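Hello,

Here is the structure I promised to pass on to you. Please have it open while you read, and my notes on what turned up follow just below.

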Amino acid sequence: MEIKAIRGFNDILPDEVGKWQFVEEVAREVFEGFGFSEIRIPILERTELFSRGIGEATDIVEKEMYTFTDKSGNSLTLRPEATASMARAYLEHQIYSFDPVAKLYCIGPMFRYERPQKGRYRQFYQIDAEVFGVGNPMVDAEVILMLIHFLKRVGLEKLELQINSLGCRDCRPLYRGELKKFLTEKSFQLCEDCQRRLHTNPLRIFDCKVETCKEAIADAPQVINFICNECQGHFNQVKGYLEAAGLGYVLNPRMVRGLDYYTRTAFEVVSYQLGSQNAVTGGGRYDNLFQEIGGLDIPGIGFAIGMERLVSLLPKDKAFVRYPHLFIAAMGEETIKEAYRIINQLHLQGIRVELDYEGKSLKSQMRRADKLKAQYVLILGREELKRGKAILRNMESKLQEEIPISDILNVVREKVKGVEQGNRDC
Ligand SMILES: [Zn+2]
Ligand SMILES: [Zn+2]
């Protein structure tokens with residue numbers, strides 16, 4: 001029997017991968033420009049890192065984690081998100097002892113045992129950026145500015161920034177109590193999950209997709225009206241810094257985010273590019289996470305971008321596939337040997353060259369060059385070779401010119417440079 005991939009686990013094939021590489025390249029460039037450094041963390045962690053960090057009463061921890069017991073009896077979990085692991089690494093390696101402020105990013109796969117559906121996988125990819133060690137609202141605005149700048153650089157349009165404040169450990173319990181009181185009166189309307197959430201984590205009811213739950217929570221009290229003076233002051237400053245950076249925003253009092261550890265600033269970016277509203281990414285401040293996982297009292301803020309969604313929103317007219325710069329069509333043993341010598345030189349210069357390994361007819365070689373979308377074809381014929389010449393054909397304009405073989409490296413390098421320049425401009 002042919003072995004297939006596991007359900008919910010996806011291959012990213014060569015003709016798609018250019019988009020992923022592009023997004024990753026832009027992320028690295030933009031984030032490092034903002035002073036962030038990459039961190040690479042393990043895919044597997046102890047289960048309690050997530051149950052304590054993300055919160056027991058969240059959908060992720062309750063239902064969606066890939067958790068198993070290893071041969072030594074340890075409970076391990078494939079990381080469902082990156083923030084908790086990044087915080088663990090920051091504590092474990094005492095990154096704060098060098099400088100209390102750490103700006104980190106991480107790109108890689110995450111795992112959640114969700115029902116697989118179109119565009120949603122059990123192994124999915126995220127780009128995460130986090131700042132640890134600063135509670136100042138200026139950093140909230142800086143992180144959001146970097147996010148918006150990144151999304152625009154990638155080519156996304158019609159973006160809307162939505163923000164909210166979720167309060168802190170002093171004022172949030174007050175709101176939680178109010179929300180619980182409000183929803184208890186409507187508990188007959190709530191689904192089974194939300195009946196339970198009402199006692200464990202009533203804020204999660206905002207995320208429920210069940211129609212009666214949505215109705216029940218429609219007029220619920222809003223967290224923004226219950227936050228303390230310090231939280232209100234923090235939020236006002238975030239808004240001020242966003243305005244100073246020229247960033248427009250919309251207040252969304254119903255945004256509570258899916259994870260327990262968020263405090264104060266929460267944000268989401270939605271795109272209206274495809275007509276309807278699409279949440280592209282979100283994040284927020286989490287000033288309690290470090291203490292939950294047994295660390296010091298260290299504030300943090302960050303965001304995670306789902307790469308599958310992002311890649312699906314990339315401009316359709318941009319070319320992400322790397323076609324060969326040159327195809328060498330060679331006939332006869334002598335010329336193929338010459339082609340092999342040339343191709344190796346060109347490869348060392350970073351010029352993408354293909355040739356026909358089978359010694360097929362010129363016609364079939366030209367057909368393959370066309371199919372591979374090579375920009376140029378170098379035709380090496382026995383007669384031309386004797387004269388030290390080859391024919392260079394521009395596959396787009398169909399113009400041909402004879403060039404000296406000794407000059408190939410220079411000529412091709414010049415032409416390819418022009419093509420690459422053109423690609424970058426678009
Ligand atoms: Zn507060
Ligand atoms: Zn519900």
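A word on terms before anything else: a residue is called buried when its relative accessible area is under 20%. Please also keep in mind that this is a predicted model.

With that cut-off, Cys168 and Cys228 are both buried. What are these two cysteines doing as donors, and for which ion? Together with Cys171 and Cys231, they hold the zinc ion (ligand 1) through their SG atoms, which lie 2.3 Å from the zinc. The angles among the four donor atoms run from 101 to 119 degrees, and the site is tetrahedral. For comparison, the ideal angle for four tetrahedral donors is 109.5 degrees. Along the sequence, the donor residues follow the spacing C-x2-C-x56-C-x2-C. Distant parts of the chain are linked here: Cys168 sits in the loop between strand S7 (159–165) and helix H7 (172–184), while Cys228, 60 residues apart from it, is in the loop between helix H9 (211–217) and helix H10 (229–244).

Cys191 belongs to the loop between H7 and helix H8 (192–200) and Cys208 to the loop between H8 and H9, so the pair ties together parts 17 residues apart in sequence. Cys191 has a relative accessible area of 16% and is therefore buried; Cys208, at 9%, is buried too.

Next, a helix pair. H10 packs against helix H6 (residues 137–154) at an angle of about 45 degrees, and the two axes are 8 Å apart. The two helices are therefore oblique to each other, and H6 passes H10 in a right-handed crossing. On the H6 side the contact involves Pro137, Met138, Asp140, Ala141 and Ile144, which meet His234, Gln237, Val238, Tyr241 and Leu242 of H10.

Finally, two backbone details. Most residues other than glycine have a negative phi. Gln94, though not a glycine, has a positive phi of about 45 degrees; this residue lies in the loop between helix H4 (83–92) and helix H5 (95–98). Lys373 is not a glycine either, and its phi is positive at about 60 degrees. You will find Lys373 in the loop between helix H14 (362–371) and strand S14 (376–380). Gln94 is partly exposed, at 44% relative accessibility, and Lys373 is partly exposed at 48%.

Best wishes

Technical notes. Residues are numbered from 1 along each chain as its sequence is written. Chains are lettered from A and ligands numbered from 1 in the order in which they are written. This is a predicted model: local features need pLDDT of at least 70, side-chain atom pairs count only at pLDDT 80 or more; totals for chains, interfaces and linings use all residues. Side-chain values use heavy atoms; hydrogens and water are left out. Donors are N, O and S atoms within 2.8 Å of the metal (3.2 Å for Na, K and Ca); water is not among the atoms, so sites may look incomplete. Four donors count as tetrahedral if all angles lie between 85 and 135 degrees; four count as square planar and six as octahedral if opposite donors are over 155 degrees apart and all others between 65 and 115; anything else is irregular. Helices (H or I, at least four residues) and strands (E, at least two) are DSSP runs, numbered from the N terminus. Buried means under 20% relative accessible area, exposed over 50%, partly exposed in between (1.4 Å probe, protein chains only). Axes are lines fitted to C-alpha atoms, for helices over the stretch in contact, and angles run from 0 to 180 degrees between N-to-C directions. Angles under 35 degrees count as roughly parallel, over 145 as roughly antiparallel, 65 to 115 as roughly perpendicular and the rest as oblique. A crossing is left-handed if the near helix is turned anticlockwise from the far one by less than a right angle, and right-handed if clockwise. Contact means heavy atoms within 4.5 Å.
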